[in-house]
Amino acid sequence: MNKYRRILLSAGGVMLAVLAIAGCTQPSTTPPLTTSGQYYPGGGFGPGGMMGNGGMMYPGSGFYQLAGPRITLAAANTIATDYLQSRTDLDFEIGHMMEFQYNFYMDFVERSTGIHAFEALIDPFTGDLYPEPGPSVMWNTKYGMMSGVLWGSADASAPMTVTPAQAKDLAQDFLDGYLPGAQALEAERFYGYYTLDFTRGGQTYGMLSVNGYTGQVWYHSWHGQYLGG
């Protein structure tokens, strides 16, 4: 890894930490751009995604262009399936999969428990698979940055104090202030937090997460326009 690439990855980690401290409720649907019109996957991880060679996700391929042929949802599903076949030790299955303007979203579910394990994105131009930024990295008590199979050991047994119904109410409160008319859907349980899709005008619009201990809301600002799934 050259010096420039190390700087980008380090900057991505700093960005995530700042967002976590700030509360992460400031919405945006514009990807981070450089002066040349390039963007980095996941809104700040930098080229190569988060894990790199030997990590849990596929290594990246450098800068990501907002141009060129776009892969299909079916192709993205194949990429995710291939990943799972390469990691049979995890006993995961693909849960929810959606296509957005800037990425494909998916979550992985534990077969043995039915609990959603973690969330990931696929770049629509390069096909790179990498961890979704935000709650899946910072709040996940079993598979996140500071715990679980990715980075060490953690006690994920402490029950969340926020219930699914409360998480939905908190999400709706946020949406009432940010996007009047938007409607929060059911809360899906992850380790340490919940993620919810929401609609606007009767159509899927976006998603957000709610911390299972503090009730903090984190809007998924890196997707762009919903395209299907």
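**Figure 1. Packing of helix α5 against strands in the predicted model.** In this predicted model, the buried residues of α5 pack against β5 (182-184), β7 (193-200), β8 (203-211) and β9 (217-219). The residues concerned are Ala167, Ala171, Gln172, Phe174 and Leu175, which are the buried residues of α5. Viewed along the axis of α5, these buried residues fall within an arc of 160°, so they line one face of the helix. The other side of α5 carries Ala165, Asp173 and Gly177, which are exposed. Helix α5 covers residues 164-178, and its 15 residues should span 21 Å at 1.5 Å a residue; the end C-alpha atoms are 21 Å apart, in agreement with that expectation.

**Figure 2. The salt bridge between Lys168 and Glu186.** Lys168 pairs with Glu186 in a salt bridge whose closest N and O atoms are 2.8 Å apart. Because Lys168 belongs to helix α5 and Glu186 to the loop between β5 and β6 (188-189), the pair ties together parts that are 18 residues apart in sequence. Lys168 counts as partly exposed, at 24% relative accessibility, whereas Glu186 is exposed, with a relative accessible area of 58%.

**Figure 3. Helix α2 and its buried face.** The buried residues of α2 pack against β1, β2, β3 and β4 (129-131). Ala76, Ile79, Ala80, Tyr83 and Leu84 are buried in this helix. Seen down the axis of α2, the buried residues fall within an arc of 135°, so one face of the helix is lined by them. Exposed residues Ala74 and Gln85 are carried by the face turned away from the buried side of α2.

Figure 4. Phe174 and Leu175 are among the buried residues of α5. In soluble globular proteins, nonpolar side chains tend to be buried together.

**Figure 5. Surroundings of Ile122.** Leaving aside residues up to four places away in sequence, Ile122 touches Ile71, Ala76, Ile79, Ala80, Met97, Asn103, Phe104, Met106, Gly127, Asp128, Leu129 and Tyr130. Ala76, Ile79 and Ala80 are among the buried residues of α2.

**Figure 6. The salt bridge between Arg70 and Glu99.** The structure holds 6 salt bridges. In one of them, the side chains of Arg70 and Glu99 meet at 3.1 Å, N to O. This pair links distant parts of the chain, with Arg70 in the loop between α1 and α2 and Glu99 in strand β1, 29 residues apart. Arg70 is partly exposed, with a relative accessible area of 29%; Glu99 is buried, at 14%.

Figure 7. Arg111 forms a salt bridge with Asp91, in which the closest N and O atoms are 3.8 Å apart. Arg111 lies in the loop between β2 and β3, and Asp91 in the loop between α2 and β1, so the pair ties together parts that are 20 residues apart in sequence. Arg111 counts as exposed, at 51% relative accessibility, while Asp91 is partly exposed, with a relative accessible area of 36%. Salt bridges that share partners join Asp91, Glu93 and Arg111 into one network.

**Figure 8. Confidence along the chain.** The chain averages a pLDDT of 73, and 66% of the residues score at least 70. Confidence is highest in β5, at 96, and lowest in helix α1 (residues 3-22), at a mean of 33. Over residues 1-64, pLDDT stays under 50, and the model has 134 contacts beyond four places in sequence for this stretch. Residues 148-154 likewise stay under 50, with 21 such contacts in the model. Where pLDDT is low, the predicted coordinates should not be read in detail.

Definitions and conventions. Residues are numbered from 1 along each chain as its sequence is written. This is a predicted model: local features need pLDDT of at least 70, side-chain atom pairs count only at pLDDT 80 or more; totals for chains, interfaces and linings use all residues. Side-chain values use heavy atoms; hydrogens and water are left out. Helices (H or I, at least four residues) and strands (E, at least two) are DSSP runs, numbered from the N terminus. The expected span of a helix is 1.5 Å times one less than its number of residues. Buried means under 20% relative accessible area, exposed over 50%, partly exposed in between (1.4 Å probe, protein chains only). The arc is that of the directions from the helix axis to the C-beta atoms. Contact means heavy atoms within 4.5 Å. pLDDT is the predictor's confidence in each residue, from 0 to 100. A salt bridge is a side-chain nitrogen of Lys or Arg within 4 Å of a carboxyl oxygen of Asp or Glu.
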